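Reader: I am new to protein models. Could you walk me through reading one?

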Amino acid sequence: MAEKKELLTLKLYKNGMVVYINENATCKEVEEALVKKFEESKTFFKGVKKIGFKGTPLTNEEYKSITDKISDVLKDSVEFWENPETPEKTTEEKVKEAINAKQILDRAMSVEAEDEYTKFYKKTLRSGQLLESDGNIVIVGDVNPGAEVIAEGNIFVMGTVKGLVHAGKSGNREAVVVALNLSPTQLRIADLITRSPEGENKDYLSPELAYIKEDKIFIEEFLQKRK
């Protein structure tokens with residue numbers, strides 16, 4: 001049986017968020033699905049100021065009604081983005097992000113950790129499993145939904161993260177999380193928490209880095225993606 005396609009796909013851009021409506025749907029169906037996603041991921045979506053739509057055409061009045069509902073969920077003003085522009089990042093922007101991410105990663109790797117050690121786990125972590133360390137953790141495999149990884153230091157996953165990961169658990173904001181694909185149900189670094197947007201599925205693997213900057217968790221690619 002073919003897997004049912006998500007009704008909505010959410011993508012974040014520099015200027016706001018775009019909701020791609022993947023199937024024919026009524027305004028009520030889109031509104032209910034979107035409100036549910038925002039209620040489940042309030043922390044991640046906090047700060048979104050504009051929402052645009054592509055796909056199944058609704059009226060501008062209906063789009064504005066939906067964004068009003070999202071404003072109520074976030075308890076903040078969210079505008080309807082009437083003509084969303086979603087330009088590809090320039091080469092210069094990609095290079096700048098890659099350099100920034102590498103600097104963050106180098107900083108994490110150079111932290112003195114006399115009492116820390118690195119734990120290697122060469123299997124996929126499955127639902128219900130918990131892996132903890134007083135130092136760093138390196139996993140050669142995936143972290144499936146329902147699995148948890150908690151470390152005092154950094155977490156490196158040579159695979160896909162779809163479970164819960166918590167780096168710097170005792171308050172170390174210099175800690176990072178690195179994976180070939182970061183799609184966690186929940187991601188924590190020190191005292192901050194975020195998660196991946198619903199419906200954001202990549203068709204390629206590219207190393208991603210999560211780190212703290214200005215009291216927020218940022219997730220970005222730091223190597224050229226490969227199909």
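Author: We will take the model's origin, then its cores, then its aromatic rings.

Author: This is a predicted model, where local features need pLDDT of at least 70, side-chain atom pairs count only at pLDDT 80 or more, and totals for chains, interfaces and linings use all residues. Residues are numbered from 1 along each chain as its sequence is written, and side-chain values use heavy atoms, with hydrogens and water left out.

Reader: Which residues touch the most other members of the largest nonpolar core?

Author: First, the term. A nonpolar core is a set of buried Ala, Val, Leu, Ile, Met, Phe, Trp, Tyr and Cys residues joined through side-chain atoms within 4.5 Å. Buried means under 20% relative accessible area, exposed over 50%, partly exposed in between (1.4 Å probe, protein chains only). Here the largest core has 25 residues. Ile139, Val143, Val149, Ile155, Val177, Leu187 and Ile189 touch the most other members.

Reader: Which strands each supply at least two residues of this core?

Author: Strands (E, at least two residues) and helices (H or I, at least four) are DSSP runs, numbered from the N terminus. The suppliers are β7 (136–139), β8 (148–151), β9 (155–161), β10 (164–167), β11 (177–182), β12 (186–189) and β14 (208–213).

Reader: What is Ile139 in contact with, leaving aside its neighbours within four places in sequence?

Author: Contact means heavy atoms within 4.5 Å. Ile139 is in contact with Tyr121, Lys123, Leu131, Val149, Phe156, Val157 and Met158, once those neighbours are left aside.

Reader: Now the rings. How many aromatic pairs does the structure hold?

Author: A pair of aromatic rings is described by the distance of the centres and the angle of the planes. Rings of Phe, Tyr and Trp (its six-membered ring) pair if their centres lie within 6.5 Å; planes under 30 degrees apart count as stacked, over 60 as edge-to-face and the rest as tilted. The structure holds 4 such pairs.

Reader: Why is the pair of Phe53 and Tyr63 stacked?

Author: The ring centres of Phe53 and Tyr63 are 4.5 Å apart and the planes are at 15 degrees, so the pair is stacked. Phe53 is in strand β3 (residues 50–55) and Tyr63 in helix α3 (residues 60–74), 10 residues apart.

Reader: Is Tyr63 buried or exposed?

Author: Tyr63 is buried, at 8% relative accessibility. Tyr63 also forms a stacked pair with Phe80, at 5.4 Å centre to centre and 25 degrees between the planes. Phe80 is in strand β4 (residues 79–80), so this pair ties together parts 17 residues apart in sequence.
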